[in-house]
Every structure is written in structure tokens, then in C-alpha cells.
Amino acid sequence: MAILKSLSRAKIFWPIVALAVLMCFNLFFTPNFFRVEIKEGHLYGNVIDIIKNASPIMLLAVGLTLVIATKGIDISVGSIVAISAGVVAMLIGGDLQGVPKYPIPYAMGAAVLVSVLAGMWNGMLVSRIGMQPIIATLILSVAGRGIAMVTTNAMIVWLYAKPFALLGQGYFLGLPFSIYIVAALVLLTALVTRRTALGLFIEAVGINPTAARFAGINAKNILFGVYAFSGLCAGISGLVVCSTVMSADGNNAGLGYELSAILAVVLGGTSLNGGKFYLLGSLVGALIVQTLTTTIYAFGVPPEIAKVVIAMVVLVVSLLQSFKFRAMVAGFFGKREFSV
Amino acid sequence: MKPKISLNSRNLPTLVTLGLFVLMFGVGSISFSGFLAPQNFLNLFIDNSYLLILGVGMTFVIISGGIDLSVGSMLAFSTMLSSSLLEKSHWNPMLVIPVVLLSGVALGLLMGYIIQIFELPPFIITLAGLYLARGLCYVISIDTIGITNQFWQDAAHAQVVLIGGAFISPSVVIALVVVMAGMFVSRSTKFGRTVYAIGGNEQSAILMGLPVARTKILIYVFSGFCSALAGIVFTFYTLSGYALNGANMEMDAIATVVIGGTLLTGGVGSVLGTVFGVMVYGTIQVLIVFQGTLNSWWTRIAIGFLVFLFCLMQRLFESRKGARGRKRVPPASAAAAS
Amino acid sequence: MSGMTPIVEMKKINKFFPGVKALSGVDFRLFEGEVHALMGQNGAGKSTLVKVMTGVYKQDAGEMLLEGRPMRPDTPLAAQKLGINTVYQEVNLCLNLSVAENIFIGKEPKKLGRIDWKLMNQRAAEVLKRLNISVDVTRILSSYSVAVQQMVAIARVLDTSAKVLILDEPTSSLDETEVAQLFKVIRKLRDEGMAILFITHFLDQTYQISDRITILKNGEFIGEYETGKLPKLELIAKMLGKELSEFAYTTNPDERKKAAAEAASDSGTVLSAKALGLQGSIAPFDLSLMEGDVLGLAGLLGSGRTEMARLLFGIDYADQGEIFVKGKRVAISSPKSAMMAGLGFCSEDRKNEGIFAELSIRENIILALQAKKGVFRYLAAKKQLEIADEMIRALGIKTPNSRNEARQLSGGNQQKVLLARWLTTEPIILILDEPTRGIDVGAKLEIMELILNLSRKGLGVIFISSEFEEVLRCSTRIAVLRDKVKIAELAGENMTESGIMRTIAGGK
């Protein structure tokens, strides 16, 4: 009992329970949900697909976790995904023989660099000019899609350079390659935030910016850094998105991703009010969002209707975080004297 | 009595927007022949009538210090609902229009109620609304539904001819009615002024005895109504319902409101400013079309840049005011400073 | 006065908050045509009393009468309807609306269903004229000074059937001419028969404007006096809960303090400020602090003690003067630069400016040290634990585990965590703003003991407290502040409660 109690207090516990419940549901109601086959030495199956399809959102969620921990928000990540995809596609080029215009690593590097610059732009607006995060990132979210379309001359660029497909479609040791990218990014982020004082400072700034300043923390640099990092994550996510479909569509790449990623972070236990952040929780959150979507597909429901379900999840999660709502529920169950 | 227009800080942003519009239209007129035609000017309204309607609703939301991300999807839902009721259920248009408007009101009421009663951030709740409305579109149909209904056809093709042969569409008339109503409500009714008061200082508004809770819910109801109406107007324009209509349109609506001089932090702004904002938006589009070599996506970049400039301007404005609020300047110079 | 029925009479009012008795048996009477000052130190119960009167809180016991009839307002709005109006220090108006609108919003004059702006502006100008103010009522409120904003707030109230006007610290951000202007308005309203309750911490203003004074201390009623018959010194004594006769006995500096003073005198200066000041915050002051010195800052609430501390620690940026640490001039532009120069600062506002409620005690303790070391030289978990445990032991922080969240601690223990945070940075100078506020007596004594121990080890301490006893007990020297000016420095034999009070009451 005591173990269960301390376990349930761990923040990661509830997201995992939610994921497990979803999985159990599938176990009984979705035939072959858990079947994993081996074809040509690779693993195939629903579960593998979920992880693979969730990768772009997971990558975004890593960056957003830190942004949200500072009590901020970044709604430009979807647009940055499109920019990154556009830049890498244009630099590799649509040569039908698959000969890249520029070496693939350079193209990828350039795309990520542009994304980091975009993130730094956001960071500058928030930390130096002092704009509210939602407003600052709104600007790039409006303009970013335009930048992406201008980069690709408003066309869908198809790629044929085989090596680039590894990122989003390839397999390594039987598992989708994108999983390794996610793992590497999370590991690196965890290392940088938890093996240095960065994580502590980010949380301190999110919990109490005034006290953080009084304790000698340079909150401006922290803020600048998290937005730049969010740009980096969006850039990498853009590479994976582009590689998965071997094309860059400035109009639709990453469309609405910011919302799924924010939901993933919140489901993972990081509060929109800032403070303690949970990188692994965010990953689990992304998996929940993806599993939910896949489950709905498995029932033959048109994929788009999945959005209604996601809307409901957002609603329930926000209600659960609402103090007023909790007080009302408490009141309903007879603890009226505590209700506000 | 209209408040007299004076050059004070309150309507400075609106004047800046108007100036910007005149400048851009002037540049266009000098650079491209045929740009200065009256019809070209009126086309700004014809092509953006739905955005004008969305903008009016969004102006109220933003002045109150909130945000409504659901408007694009709500518009799409409205196009789907009207086309499906007309074409699949063969309802009478006179019944379809009120039902569609009512659906917008209902969704707005739901969001406003949750935001107000549970004290949740509008950003999150209208985000859920965005998903919900978009999903409901697909519940109706995944495919495009063309509209062949005679009333709709008439509305789409009718022209209201003005002096000199130039014309506007019935949609523009509807949009202008909404704009006038918006201007009247924002300036001359207690509801309108309460919206400003809430955006200025919600706590004060409560202490001054204003009906804050009711007003905040009504703001989202109004925005929902505008989205539904914009959807109907949109179907007059496209003669079809499609679930992907209005993707990202919430951003366009917010952008035009901001360019129109409304503060994203709330409390300051005007419906008239939003009209100018939409005109600037439309002019950028037309300029790019006339220019010919740039692709239409430069519009978004230009819009983003303008939003940036306006936010920056607002920010500088705020910090100047903040510095004054924090520390006193002798009263005489404080009055003279602005 | 006694023959008249008071407009508002409060009898034996009790108000409890969890664990605190905010008001116990307080009586209060407010008459027509008077300016009544409500005086008391922090925690005296002034604001609680006003909040009960205006319907923000409900009293737990006692009775309120309005013109002789019982009243029980449930909300501030209900109180307003009864004619009781409050103008707060932070003006509760909408800065984005016009002056006229701020006066009339919610009750705008209408014509044919629409707001009649012309009539509204005209009426607003009339109301303001009654207060001898002529401003352009169509301009937005934020374009006017705080003083004008206050007048507008008053004007809004006047338009209703106001009987009682409560002014809560109205002068704290006004300059002298603005105060004079406000007082003119207050007198005019008084002469028209309005009952005005005036809350301030400025003694001089109390004597300038008020007819009668009610004093509270620790939630208890001390007395009701006619202003003219209550000497300033006696007022201060009563606010502090002392009989005047007590001041006759000087509290002799004890042996230790003498020794410390001697030790301090022949050791080096660790901190000095020359003509340091910030316009509108605190007048330029000189200050010097020796090694092992405890400099007490004494003054009433709002006298500029905190402002002084904020300037020294770089929270506010001084617009004039210089700071020297160990004789070397340092540029202190932020808390971080102050910290690097060897300063530490515990804010009086623990909750908003000190503690990170959701972080663990350990993290709260090591945060400043970590900020000093920089992001990359991260203290290993084991080292963090060592430091935290040592501090928890040394300062006697009562917690089962340093991993617990800081919010679970009591006020006194949170204060110790803050102290620990700065001690781990091994500062040369430590500034403590009200470290003993809101904590129980035992913890107070412990904190003071800690301060003395630290100074014995050579730390220079600046100690701020509203309790003169505490300042006297800890300090080797005392700087006295009044109305944002440092007016004197006391040492040796002058260091007595009566000495401080006489200095403060000394007037101009």
C-alpha cells in the first residue's frame, strides 16, 4: 500500500496509467492491436506505428516542455516544422535520380540552423522586448507558414535522395530510426537540464520569476534559451516529418502540431502555470495522443473526427486543473464546507 | 453623440493603420495601372467580407483581454452545416440561416461559460473549441458539398451596383451591417463599455459593480455568432461547404485585429480599426497579385511582419506608460507627456 | 460629538482567520463631517476592520450600525449601495477608459437607448469642478497622474449617495503638492458633511488633516482620541503599545553589544553608500557598515526601509550615488551583481519574493549559491544534500526531510530557509528585511540569536524590523528613517526606544 501510494505520487504515474488504460481498451476491442510482425528484419505493427508516428510530436514536446516550465508557450512550432522541412527539401533538391544538390548533412544542418534562428527570434521578443509569449510566438506562427511556402516556391517538393529517407522511414536494429532520434534528444536534454543547474533555474523562473531574480538568476537568458531550444526541437521534428513523406508541403507540414504537442506536455504532468517539468511525462503524453488517434482510426472512424475526441481530452484535462472545478466536485461529494 | 475624433493616444494606432492603408494603396496606384479603379477598392470588401465579420467578433474578445482560436473552425463548421442542411436535408434557406447562426451562438455560449465559470484560460478552451468544431465538420461530411440552392446562388451572384457602375456583393452589405452594429455596441452600450472595462482591469470592473461574468460569456457568444455568420457569407462566396475551410483563419482574424490597433493585452482597440486592419490585409494581397512575380504566400510574411511592428509599438507604448505609472512625474508634465 | 448618532458604529467586532485573531472586540465610531484617521502598525487590524465595514469580510461577532440601524453588507457592492465607498491605494479604476467614463460607467446617462456621451462628459466636468479640478474629461485616465486618478476615484463615489468615504493610504504615491490638492478636496467634502475615514502611515499628514484618531494594535482597540489632544509622541507610543512612562527606562546596551560595537569600530568597513538615492523611492543617503556590525533600520511602515534595502541590493537601480564594498567601488545593477559583490538579501515578502513553494527545501537553499557558481558548475546531489542538511541543522529548520516542498514549512522555517540560502553563498553583507514578521515568538528569538551569532563571526548585517525592541536588541547602530528620508543615526546611549521615537516624532 505504501509503495502504491508513493508510486501514485510520482508525476509520471498518472500519464502511464492513462496510456495503460487506453492500451487495455485496445487489447479487448481492437483486433490484432498488439500483433508485431517481423518483415525483412524490421518490426511492424500498430504499436510500432504509434511510436513512429508520434516521433514528430515527441520532438516538439521536448522543447515545449521547457518553454511551458517557464510559464510560457510557443505556438509557432508547427510553422517552424514547415520551415525546416522546406529548407532541407530545397537544399537536397528534387532530382529524380536522387542526387542531392548539397550534401545531405549540410542541408540538414542548415535547416536546423534556420529553425534555431526562428526560436531565437521568439526568445528575443519574449525575454528582451518583454512581449507575452503567446503574442510573440503568434507572429512567427502567422509569418512562418508564409516563409515555408516562399522557401519552396509554394510547391510541394518531392525528394528522391534515398539516404535522407532513413530519418523518417528507416529502421535500425529492427526499430524505426526516428525512435533513436527522439531518444537521443531526450537523453541529451535530460542530461543538460538535470546534470547542470539549468533545469533547476528553469523551474525557479517558472514558479516565481521575482524570487528567481532576487536569488541572482538571470531570468532573461533562461527565457531566451528555452525558446531557442524549442526552435531547435521543431527543426529536428521538421526533418523527420519531411523524411517520412519524402516531400515538403509548406502548407500542411506540421499543421496543428503545436496543439498536439502542448496537449502532450500537459498530459505528461507539466502545468501550464509553469514550474516542475517532466520530459518523460511529455513523451508519454505524446504517446497517449497518438494512441488515441490510432485507436479511433482502428474503429473505422474518419481520422479527422479524432479531433473531436482530442478536444474532449483537452477539455477534461483543463477542467481537472481548474481549482474552481475541483472545489465544485468536492462540494458535490458532500465536503461543502471546503468548497469555495 | 459620437465622441469627437482627436489626436490622442487612444486613436493613434487606428490612424497609423489608416495611414498605412492609404500609403499602400497609394504605392499600388502609382506602380500599377488599373490599381486605383473604384472596383478594385470595393473588391477589398467583397473578397474579405467574411474576414471582416470574424474580425468584429474577435475585436470584442481581444479588447476584453481574451482570445478566440476557434473562429476558423467555427466558420468551417458553419459552411458544412449550411451546405448539408440545404443540399442533403433540403431545408428552406430561411430556416437554415437561423439554425446555423444558433449553432454558432450555442458553441460560443459553451466556451464562454466554461471560461468564466471554471476560470480557465480562454486560449485553452477555445483551442478545444477549434478541435471540436473541426471534428464536427467531418462528422457531417468528409467531402466538399456543393450548393445549388437557388437562394444561395442568387446571393452569390447578386450585385449591389453603386454610382459609376462599381458594385458590391450582398455579403459586403451584411459585413457592413455587422461592422456598424459592432461600432454601435462598442461605443454606445453598457455592454460595449463593460468589455473595455474588463480588458482594462477586470478586478476594478467587478468593484465598480459591472456585470463582468455575464459580459465575458456574452463576448464569446457574440464571437461564435460572428463565426457562424462569416461561415454563411463564406458559402455565398464559394458556394460550397468544405471541412478544411478557414484553416489558420483564426490567425488572420487575430492579425487584422492587431494591425487595426487593438491591444492584445486588452482594453484598447476599436471595431473601426479592425476594418482598416482588414483593408490593409486585403491591399497586401492585391499588391502581391498585381506585382505578379511574388507568390501569394508573401502575404503571410507581410502580415506577420506588420503584427510584429504593431506589437512592438504597443509594447513601447506600454513600457512608457509603465514607467510613468511606477514613478511620478510632477502632475503638470505628466499631463503634458501624452 | 457624543450627542450625535455616528454614521457608522462598530461594536465589539471580532474576526478570526485560521490560527489568527485579526480583530478582537474592536469598537469604532465615525461621525458626519469629520476626518477620522485609523492608525496602527503592521498587523494592527486596520485593513481587516475596513474590510468588515465594506462587506469584504463578515465579522465573527459584534454589531455594525449605519445611522443607528443595524447593517450587514455582504459585498463591497452592497456597502456601496448603503453609501459606504472606498478609494484604495491602488486606484481601482480602468486606466484605459476616459475620465468621464470612469466616473459614470455602469450608470451612464442614456438617450434613446444609447450612451449620451455629451451629457456624460458635461456631468463629469461638473463633478470634478466640485472638487476644484479641471481636466479634459474625454482623455484616458492613464494620461493623468496618480493624484488626478485618485480624485477621479473620489468623484465616482460622490456621484452616488455617498455618506462615508474611506481613503486607504491615498497619499503613498503622491508628492507634496498633490497631497495638498487632495487634502483640499478632503476638507471640502468634510465641510459638506461627509464622513471620511483616512488610513495612512504618514504621521505628519494625520495631524494635518484628521479631526479624530482611532488606534489599533494587534487586532485590539487601543483608544479613540481627538487629534489636537494627542501629542505625536504619545500617538507613536500607543501605536507600539507602550506607555509613555516606560520610555523613561533606557534599555542599556548589554555587554555583548558593547563588545561588538568596539570590535566593529576597529575593523574595516565592509559596505558604504555615498549619496545613494532614487527619485520617488528614497532620498539620497549615506551609510556605512563595519565587519561584525549589525545596523538596524528603524522607522514606521512606509518610511523607506525596504526601499533602502532594494537599492543596496540592486533590485531598484539607483539614479544617483555610489556603493563601495570593502572600500572598492562596485557597480550594482542587478541582484546578481550585488550577490557577486558579496551581498545577500532576504525580502520581507517571503511568499512572492523569496520562497519557491513547489521546489524542495534543498533546492530552495542551494539556489543562490548555484546562481553564484553558474549553470555549469552544478552542485552534485550529494554535495547539495550535505549543504542543505548542514543548514537545516545549524539553523534548526524543522523538517523531516530536505526533499519536502518548501510550502509545507511554517513561516518561521521558511524564513530560516531564506537565511540559509544566503548563508551558503558566504556573503560579506547580509540584508534582512523584516525577517521576524509573521512568525511565532520562539522562532523570532531564534532568528535574532542567529543574527547575533553571524555578526560575531564577522558578517556585516543590515536588520530591518517594525518592532523597535527587536532592532534595539540586535543592532550595534541604528539608522532612523521617516517619510523616505534617513533622518538620523543613533549609537551608544541614544539607542533606546524613546530615542528612536523622539527622533521620528521630531518633525520638521
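Predicted model: local features only at pLDDT ≥ 70, side-chain atom pairs only at ≥ 80, totals over all residues.

Entry 1, salt bridges. I count a salt bridge where a side-chain nitrogen of Lys or Arg lies within 4 Å of a carboxyl oxygen of Asp or Glu. By that rule I find 30 salt bridges over all chains of the structure. I looked up one of them, in which C:Lys12 pairs with C:Asp27 and the closest N and O atoms are 3.1 Å apart. This pair links distant parts of the chain, since C:Lys12 sits in strand β1 (residues 8-17) of chain C and C:Asp27 in strand β2 (residues 20-30) of chain C, 15 residues apart. Helices (H or I, at least four residues) and strands (E, at least two) are DSSP runs, numbered from the N terminus.

Residues are numbered from 1 along each chain as its sequence is written, chains are lettered from A and ligands numbered from 1 in the order in which they are written, and side-chain values use heavy atoms, with hydrogens and water left out.

Taking contact as heavy atoms within 4.5 Å, I get 36 residues from chain B and 45 residues from chain A. Buried area is the accessible area (1.4 Å probe) that two parts lose on being put together, summed over both, and here it is about 3,700 Å², with carbon and sulfur atoms giving 82%. B:Phe118, B:Tyr131 and B:Trp297 supply 20% of the area that chain B buries against chain A, more than any other three residues. Across this interface of chain B and chain A, the rule finds zero salt bridges.

For axes I use lines fitted to C-alpha atoms, for helices over the stretch in contact, with angles from 0 to 180 degrees between N-to-C directions. The axes of helix α2 (residues 38-63) of chain B and helix α12 (residues 271-291) of chain B come within 8 Å and cross at roughly 140°. That makes α2(B) oblique to α12(B), given that angles under 35 degrees count as roughly parallel, over 145 as roughly antiparallel, 65 to 115 as roughly perpendicular and the rest as oblique. The residues of the contact of α2(B) with α12(B) divide into 14 nonpolar, eight polar and no charged, where Ala, Val, Leu, Ile, Met, Phe, Trp, Tyr, Cys and Pro count as nonpolar, Asp, Glu, Lys and Arg as charged, and the others, Gly among them, as polar.

Helix α4 (residues 93-117) of chain B packs with helix α5 (residues 122-140) of chain B at an angle of about 150°, their axes 9 Å apart. I therefore record α4(B) as roughly antiparallel to α5(B). B:Leu107, B:Met111, B:Ile114 and B:Ile115 of α4(B) make the contact with B:Pro122, B:Ile125, B:Thr126, B:Gly129 and B:Leu132 of α5(B).
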